[in-house]
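Let's take a friendly walk through a protein chain, starting with the whole and ending at a few side chains. Have a look at the fold first.

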Amino acid sequence: MAEASGLAVPGGEARPTVFAEISALALATGAANLGQGFPDADGPEWVRELAVQAIRDGINQYPAGRGSRALRGAIADHQRRHYGIELDPEREVLVTAGATEAIAATLLALVGPGDEVVTLEPFYDSHAASIAMSGAAHVTVPLAPNDGGFALDAEALDAAVGERTRVILLNTPHNPTGTVLTDAELAAVAAAARRVGALVVTDEVYEHLVFDGNVHTPIAALPGMFERTLTISSAGKSFSLTGWKIGWVSGPAELVDAVMAVKQFLTYSGGAPFQPAIARALTDGAGDIAELRGSLAARRDVLVSGLREVGFDAIVPGGTYFVCADATPFLGHETPDGAAFARALPAAIGVACIPVSAFCRSGSPTAEALANWVRFTFVKDEATIRTAIDRLRGLPRSG
């Protein structure tokens, strides 16, 4: 999912998000943009050529509302091969306009005023927006820096999940922190959901982009969890084809039907020539994913090493595109926190990043705890990353 470019406000206007603001600053200043997380290289040529051929073959009109049969079959086969999850492609898979639509349609289908949706905090920005559109209340559980990573606060989770909790919305591998939830953390979420009869909606778009022996486990694969879980993913991150917006949601037929009832009035269907290409990519693209994963791991290491050399306290992510780093050594009176630092950095030094507080509720304890943290992406080419590091060497330290 791409970070949103704007948020709706009363009166029908839109105000830019911090992602749009920082990207505009990067463009205006010629900064090395390690802010917004989208690849600067296209996905596999053979997959792109399949879409070109599909256009030439006349696959240009509305596909089936649930997605093409070939793609739904490939998604079901993918879940079986990788995770042992058995799906009926006719009733338990729905193709969407990216994972962002899947999340919005799912929350609009499942929750409303009086319900609560529990997420981790920091949280991906569209999660909060979709919860707000549904009318449900947003309750958060902190992911806190711990032993060189971020860890789920299990006690806070148990306190947050109560009788009004309708959905626990999970994101793993996690944007923005790069955390890959452990089996113990997933088990804690599953236990909390079962305790109150809540559903789990899980955003797994970075499922294949994990490093250092980390393993992504869908919570739907845990005992007794398939029946109460909707799993969301997409092709955008796995194949560096974010602009194609081919996502999907899978799970029990009655829950998928509920999402379809909303989705048909959002986009109805789309991406016709991309769907057969992604079907083939899911079936035959394991080598391409492995190559991307290796390249990202190498670029991650360049970025983490450079940030630490410059003076940031950077955490090595277990997955995703992102490195979170404490910028405290560089904060002074003019940039007293990470948000001010990120806004000043493009003009001051020629580098763009995103404040982690942008992924938190304003004034929350997590926002305060992470006020000095910023997020850099390593999904850019190595030359851009090295340029950013070289420029960051010119940062003056505070005090």
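Predicted model: local features only at pLDDT ≥ 70, side-chain atom pairs only at ≥ 80, totals over all residues.

Residues are numbered from 1 along each chain as its sequence is written, and side-chain values use heavy atoms, with hydrogens and water left out.

The chain holds 13 helices and 16 strands; these are DSSP runs, with helices (H or I) of at least four residues and strands (E) of at least two, numbered from the N terminus. Of its 399 residues, 56% count as buried, meaning under 20% relative accessible area with a 1.4 Å probe and protein chains only, while exposed means over 50% and partly exposed lies in between.

Now find Glu101 in helix H4 (residues 98–110). Glu101 counts as buried because its relative accessibility is 8%. Its side chain reaches the backbone nitrogen of Ala97 at 2.7 Å. Leaving aside neighbours within four places in sequence, Glu101 is in contact (heavy atoms within 4.5 Å) with Thr96, Lys263, Leu266 and Thr267.

One of those partners, Leu266, leads us on. Leu266 sits in the loop between helix H8 (253–263) and helix H9 (274–284), and it counts as partly exposed because its relative accessibility is 44%.

Key: Polar contact = N/O pair within 3.5 Å; in protein donor to acceptor, adjacent residues only side chain to side chain.
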